[in-house]
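Colleague: Thanks for sitting down with me. Could you show me the model before I start asking about it?

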Amino acid sequence: MGALLEVEDLTVWLATRRGPRMAVDGLSFQVDSGEIFGIAGESGSGKTMTAMALLGLLPHAARTSGRAMFEGRDLLAMRPRQLRDVRGRRIAMVSQDPSTSLHPMLSIETQLTEHMRHHLGLSRSAARGRAVELLDTVRIPDPERALGAHPAQFSGGMRQRIAIAVALACEPRLLLADEPTTALDVTVQAGILRLLHRLRAERDLAVVVITHDLGVMSAVADRICVMYGGRTAEVGPRERVLTRPRHPYTRGLLDALPHPEGGAATLRPIPGSPPSLGEVPAGCPFHPRCGYAVPDCRTGRPAPVLVGPGHAAACPPDPLEGDA
Amino acid sequence: MTALLEATGVSVDYHRRGAPALRAVDGADLSLARGEILGLVGESGCGKSTLGRAVVGLQPAAGEIRFDGRPVVPLGRRRRDPGMRGLQMVFQDPYASLNPRRYVGDQVGDGYLLGGTSRPEALRKAGELLERVGLPADAARRYPHEFSGGQRQRIAIARTLAAEPSCIVADEPISALDASAQASVANLLVDLVRELDMGLVFISHDLSVVRQIADRTAVMYLGRVVEVGPTRELWSSPAHPYTRALISAVPRADGAGVLPVELPGDVPDPARPPGGCRFHPRCPLALPECSRDDPPLVALRGGRSVACVLQTPGEPVRPLATRRKDAT
């Protein structure tokens with residue numbers, strides 16, 4: 001069986017006042033059913049634009065190239081009408097801030113049943129019954145009463161659970177979760193991560209989790225793609241990428257984290273800051289900040305090469321060999 | 001060691017139209033010595049920011065707050081006690097805390113001008129401070145928008161340093177920054193504390209950063225400080241079940257695929273806190289008396305304090321059980 005989602009050479013140009021600028025540059029990855037795939041990177045690395053491109057929700061006048069095969073059809077080539085049937089039904093999205101993704105003036109029932117009735121043609125009472133089940137699945141206490149309430153009556157964590165229930169309503173095959181826990185406290189985050197983990201097991205759901213937090217990645221992702229400057233720096237199984245990183249950027253991100261055992265050692269930041277849109281350097285986009293850069297890094301465009309089982313890094317000199 | 005900053009029984013009420021007053025901080029105690037970094041952690045809405053604002057006098061509060069032995073009076077229309085210049089604050093959002101229309105150098109120099117330094121001298125010293133916090137020499141003649149978020153937070157820190165503070169309260173100073181900028185700004189704060197022998201209250205929801213840089217950590221829950229202690233010991237053997245829950249909820253980037261432990265339930269509405277111990281409805285170890293008795297913060301051995309009936313005053317910390325024992 002092939003992958004559920006197969007993205008090949010995805011490129012996204014955004015329209016700016018100074019002309020089109022490349023936000024995603026030839027990204028390829030695949031996600032299987034029942035898999036949690038993580039996309040990591042700092043702000044401006046192109047991770048959110050990747051999700052938006054898959055959903056056909058890019059800003060006005062943005063252009064894409066490449067292919068994104070989902071259930072045998074290319075998402076990038078679909079007409080808006082066809083995409084509307086996929087979006088919300090086969091592919092659903094959970095965004096960072098549940099206070100903006102839920103409508104403040106509509107009841108939870110309306111927000112949970114509207115798309116079920118549209119996509120699945122359910123009657124009002126059937127949709128309501130499913131809504132109660134969904135709220136129960138995401139562990140909202142007293143679902144019957146919650147249906148009549150409005151988003152403001154819930155805490156941030158509860159709202160994110162409701163947003164996930166809305167996303168799950170039409171039984172999508174793929175869930176795109178863009179920084180789903182960034183706005184939440186760690187205690188609440190733990191609950192949401194457990195929920196995502198349980199859902200993929202129960203429903204064979206594929207989840208793409210986009211986050212800058214490598215701790216979150218480590219908790220839920222099966223495979224991780226680290227993006228930098230719109231490109232893949234490194235992709236591979238969770239355990240390998242986080243314990244045996246082969247790209248200096250991945251290593252830098254991990255080193256910048258507080259040490260798990262605490263202690264007096266200071267934090268080790270990556271020097272410099274990530275490039276902004278349209279200012280991605282030539283050659284390897286990370287070379288100005290890379291401690292291992294050699295003259296070749298300024299010109300060549302390193303493609304991801306296989307460095308282990310299912311593990312690829314876009315860094316040919318293999319500078320980290322030996323000191324892992 | 002005498003305390004540089006000492007707060008005893010601090011309470012803050014927010015008065016709301018048509019609703020009962022909300023007690024955001026309810027009898028919290030804090031103390032900070034020179035050269036010490038105190039991490040203040042807790043979930044959103046626990047009152048950590050309000051307590052931070054109260055101890056620098058930005059928020060009227062009941063209770064006693066003393067800085068360098070003098071009472072901290074809430075900021076009002078009258079001129080601030082000059083003795084309070086040494087007590088300064090760094091805010092979360094460096095986009096909001098700097099004036100977009102003034103040169104960076106002028107803004108940093110303000111502190112010196114207020115201290116009676118002449119204008120050219122203030123500008124010269126401002127330039128030095130900007131270099132000290134790691135900005136290029138020409139930063140003084142530029143505007144805030146020309147800098148990245150991390151650099152702006154450095155400017156805000158330089159601006160604070162111009163008042164020659166002995167104590168800084170930093171409210172989520174790195175939360176708005178990118179991952180790599182977070183580490184470098186946190187390092188800067190630590191260096192400054194060591195070098196200038198200042199005190200730093202580092203308010204953050206990011207426990208792993210606090211663990212890395214704080215000498216002592218205070219944990220707040222629903223307006224109360226529920227545990228204080230040396231950071232290392234507090235992490236290795238938490239005395240309060242809430243502290244343990246917070247720590248085990250932090251995911252580790254070790255690639256092991258371990259799901260963090262969930263703390264069931266939500267933080268209750270601070271306007272209607274539960275009776276007894278405020279944590280008891282969510283506490284995995286709650287005893288029958290916890291719904292009745294409100295435990296005070298008491299000192300244990302080893303510089304630790306906790307507000308929990310499971311610990312005995314004056315004794316070492318008793319390790320917490322995994323689960324509640326059946327009806328004892």
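Colleague: In what order do the four strands of the open sheet in chain B stand?

Modeller: First, a word on the source: this is a predicted model, in which local features need pLDDT of at least 70, side-chain atom pairs count only at pLDDT 80 or more, and totals for chains, interfaces and linings use all residues. Residues are numbered from 1 along each chain as its sequence is written, while chains are lettered from A and ligands numbered from 1 in the order in which they are written. Strands here are DSSP runs of E with at least two residues, helices are runs of H or I with at least four, and both are numbered from the N terminus; two strands pair if DSSP finds at least two bridges between them. The pairing in this sheet of chain B is antiparallel, and the order is 2-1-4-5.

Colleague: Why is one side of strand 2 and of strand 5 of chain B left without a neighbour in the sheet?

Modeller: Strand 2 (19–32) and strand 5 (70–71) of chain B each have a single partner strand, so one side of each is without a neighbour. The reason is their place in the sheet: both stand at the edges.

Colleague: Which residue is the bridge partner of B:Val10 in strand 2 of chain B?

Modeller: Strand 1 (residues 5–16) of chain B runs antiparallel to strand 2 of chain B, and nine bridges join them. In strand 2, B:Val10 has as its bridge partner B:Ala28.

Colleague: Turning to chain A, which residue of strand 4 stands opposite A:Glu6?

Modeller: Strand 1 (residues 5–16) of chain A pairs with strand 4 (residues 63–70) of chain A in the antiparallel sense, over seven bridges. Strand 1 of chain A also forms a hairpin with strand 2 of chain A, with two residues between them, and in strand 2 A:Glu6 stands opposite A:Gln30. In strand 4 of chain A, the residue opposite A:Glu6 is A:Met69.

Colleague: Which helix of chain B gives the largest share of the side that touches chain A?

Modeller: The contact (C-beta atoms, placed from the backbone, within 7 Å) takes 40 residues from chain B and 40 residues from chain A. Elements giving two or more residues to the side of chain B include helix 6 (207–213) and helix 7 (231–236). The largest share of that side, eight residues, comes from helix 5 of chain B.

Colleague: Which residues have the most contacts inside the largest nonpolar core?

Modeller: A nonpolar core is a set of buried Ala, Val, Leu, Ile, Met, Phe, Trp, Tyr and Cys residues joined through C-beta atoms within 7 Å; buried means that 20 or more other C-beta atoms lie within 10 Å of a residue's own. The largest one has 193 residues, and its largest share, nine residues, comes from helix 5 of chain B. Leaving aside neighbours within four places in sequence, B:Val55 is in contact with residues including B:Leu5, B:Ile65 and B:Val169. The residues with the most contacts inside the core are A:Val208, B:Val55 and B:Phe202.

Terms used
Two residues are in contact if their C-beta atoms, placed from the backbone, lie within 7 Å. A residue is buried if 20 or more other C-beta atoms lie within 10 Å of its own, exposed if 12 or fewer, and partly exposed in between; C-beta atoms are placed from the backbone.
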